[in-house]
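Open the model in your viewer and keep the selection panel at hand. The stops below say what to select next and what is there.

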Amino acid sequence: MARTVIDIDDELLDQVAKTLGTKSKKETVNTALAEILEIHRRALALTRLREAAAEGAFDLELLGDKRNYRR
């Protein structure tokens with residue numbers, strides 16, 4: 001793990017810590033970075049699913065019929 005000295009907006013850091021439920025500055029920054037990466041990955045996956053759906057990769061009638069769900 002690298003040690004880096006940066007200037008951080010203390011008010012913003014406090015708000016993010018409250019939102020994430022973190023206790024230390026290090027935990028807040030690391031958790032926020034991980035959250036942003038996860039959000040990006042989900043957005044990319046959603047984009048890929050939308051593209052696949054637009055190309056007809058899914059049988060929407062089959063998926064929309066609740067009788068096809070496992071019991």
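A patch, as the word is used here, is made of residues with over 30% relative accessible area and no salt bridge, with like charges joined within 9 Å and nonpolar side chains (Val, Leu, Ile, Met, Phe, Trp, Tyr) within 5 Å. A salt bridge is a side-chain nitrogen of Lys or Arg within 4 Å of a carboxyl oxygen of Asp or Glu. Accessible areas come from the Shrake-Rupley method with a 1.4 Å probe, and for residues only the protein chains shown count as cover.

This is a predicted model, in which local features need pLDDT of at least 70 and side-chain atom pairs count only at pLDDT 80 or more, while totals for chains, interfaces and linings use all residues. Residues are numbered from 1 along each chain as its sequence is written, and side-chain values use heavy atoms, leaving out hydrogens and water.

**The nonpolar patch**

Select Leu46, Leu49, Phe58, Leu60 and Leu63: together they make a nonpolar surface patch of about 470 Å². Helices α2 (25-54) and α3 (60-64) each supply at least two residues of this patch. Helices are DSSP runs (H or I, at least four residues), as are strands (E, at least two), numbered from the N terminus. Leucine 46 is found in α2 and counts as partly exposed, because its relative accessibility is 40%. The classes are buried (under 20% relative accessible area), exposed (over 50%) and partly exposed (in between), with a 1.4 Å probe and protein chains only.

**The whole chain**

The C-alpha atoms fill a box of roughly 55 × 25 × 25 Å along the principal axes. The radius of gyration of the chain is 20 Å, whereas a compact globule of 71 residues would have one near 11 Å. That radius is taken over C-alpha atoms, and the globule rule is 2.2 Å times the number of residues to the power 0.38. Of the 71 residues, 6% count as buried. The accessible surface comes to about 7,000 Å², with 54% of it belonging to carbon and sulfur atoms.

**Helix α1**

Go to the start of α1, where a side-chain oxygen of aspartate 9 reaches to within 3.0 Å of the backbone nitrogen of glutamate 11. Next select aspartate 14, also in α1, which is partly exposed at 48% relative accessibility. After α1 comes glycine 21, with a positive phi near 75°.

**Two threonines**

Select threonine 22, in the loop between α1 (10-20) and α2. Is threonine 22 buried or exposed? Threonine 22 is buried, because its relative accessible area is 10%. Its side chain makes a polar contact with the side chain of threonine 28, at 2.5 Å. A polar contact is a pair of N or O atoms within 3.5 Å; within protein, one must be able to donate a hydrogen and the other to accept it, and residues adjacent in sequence count only if both atoms are side-chain atoms.

Threonine 28 lies in α2 and is buried, with a relative accessible area of 2%. Leaving aside residues up to four places away in sequence, threonine 28 touches Leu13, Val16, Ala17, Leu20 and Thr22. Contact here means heavy atoms within 4.5 Å.

**Along α2**

Finish at lysine 26 in α2, which is exposed at 53% relative accessible area. From lysine 26 to alanine 45 is 19 residues in sequence and 29 Å in space, C-alpha to C-alpha.
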